[in-house]
Amino acid sequence: MTKNKMSIETEIVHGQGCEYSTHMDLVPPIHPTSTFIFKDADHGAALFKGTEEGYIYTRISNPTINLLEKKMALLEGGESAAATSSGMSAIAAVALTLAKPGDNFITCNSIYGGTFALFNKHLRDLDIEPLFISPPDACSKELINDMINKKTKFLFMETPANPTLDIIDIKMWKSVARKRKLPLIVDNTFATPYLQNPLSLGADIVIHSATKYLSGHSDALGGIIIGSGNMINRIREEYIFHYGPVISPFNAWLILRGIKTLALRVKRQSDNAMSIAQWLQKHPAVINVYYPGIESGPGLRLAKKQMRGFGGMLSFEVKGGVEAGRKIMGRVKLALLAVSLGSCETLIQHPASMTHSTYTKQERAKAGITDGLIRLSIGIEAAADIISDLENVMQV
Ligand SMILES: *Cc1c(COP(=O)(O)O)cnc(C)c1O
């Protein structure tokens, strides 16, 4: 049967080729089993040898987990995908497959706080060195190229970046990576496959914290790695099978269920975020708004080039620094004071003391994370209610 290329909204719901139809159930079953029965000894041996396809053990593969992997490979336009227990384990799996003691890699310093700690502390302890580039320098092909040496094994970026919403040029980074024959890895958590497909812009590996927009309901942790069949096999064999960061079938199922409404949620979150960003820009207590979609923003041109929308994350800075920010966070009623993102509910948090407390003050300054910065993960409520919640606590 020839397949028509469907729009992303349709694929998000149906996912051609991702149907599960043993009993004609519309919703796939959960396979909460750790192990699978072999038909006989020869069958078991053939599965281990790889001469027959089938399931052996859930750390190797599982039908529910496979369904999530197939769906994400489809939505990101990759050959293959591997699901993991969390976004962090997905990042660790990729980094530790590609780099060994003595190696280094290039990354931007405005990234997720947990990723920063993994790179800056734990990988350093293993003698794998992160070479950080500040967001303004990340726009320079020459500067990135000059940082690469014989020991460099990959380039890693997050765009939009956390929490400053910097937009990094995927195609430009790829042009440097291609010249030096290095893989480019993009953490696409903030954008989701609905708004951005890094593989189509040249990236070699895409990573998601599925905990965020893919799940969409803050009820499961998960991570996904998407790339070529060879690369995903290598990551499985060199890391996942033996370090064992496996997602539970139940969490994979929750994330599959969440994905069905991804387009609806992200569209609404993006529309809400745009209204709120525009309202914040006019507010006398606000010094700066960080949202890729605003007219005065530095990322607008690039965001329009590589994204289909601007997403539901925004940050802003109020007059009065940390103290003023704390007051706002302490008084809001609708927005919930919590880290994480991509929920149906609007979440508010303070990067300097929360998600990015893994950075020193100087490291935050380099990444453009000021002490007064407040980050919002906009939910699917009515924009007017979110605005009035902020308005009530932002009197000047
Ligand atoms: C949350 C997050 C991660 C880590 O994912 P977990 O699922 O929490 O382990 C990585 N990158 C980004 C951009 C994130 O927002």
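A: R234 is partly exposed, at 33% relative accessibility; partly exposed lies between buried, under 20% relative accessible area, and exposed, over 50% (1.4 Å probe, protein chains only). This is a predicted model, where local features need pLDDT of at least 70, side-chain atom pairs count only at pLDDT 80 or more, and totals for chains, interfaces and linings use all residues. Residues are numbered from 1 along each chain as its sequence is written, and side-chain values use heavy atoms, leaving out hydrogens and water.

Q: What does the side chain of R234 meet in a salt bridge?
A: E238, at 3.0 Å from N to O; a salt bridge is a side-chain nitrogen of Lys or Arg within 4 Å of a carboxyl oxygen of Asp or Glu. Both residues lie in helix α9, four residues apart, about one turn of the helix. Salt bridges with shared partners join K100, R234 and E238 into one network.

Q: How many salt bridges does the structure hold?
A: 10. One of them pairs R236 with E69, with 3.2 Å between the closest N and O atoms. That pair links distant parts of the chain, 167 residues apart: R236 is in helix α9 (residues 229–243) and E69 in helix α3 (residues 63–76). Helices here are DSSP runs (H or I, at least four residues), strands likewise (E, at least two), numbered from the N terminus.

Q: Is R236 buried or exposed? And E69?
A: R236 is buried, with a relative accessible area of 14%. E69 is buried as well, at 6%.

Q: Which residue does K153 bridge to?
A: D103, the closest N and O atoms being 2.9 Å apart. K153 sits in strand β4 (residues 152–158), D103 in the loop between α4 (87–98) and β2 (104–108).
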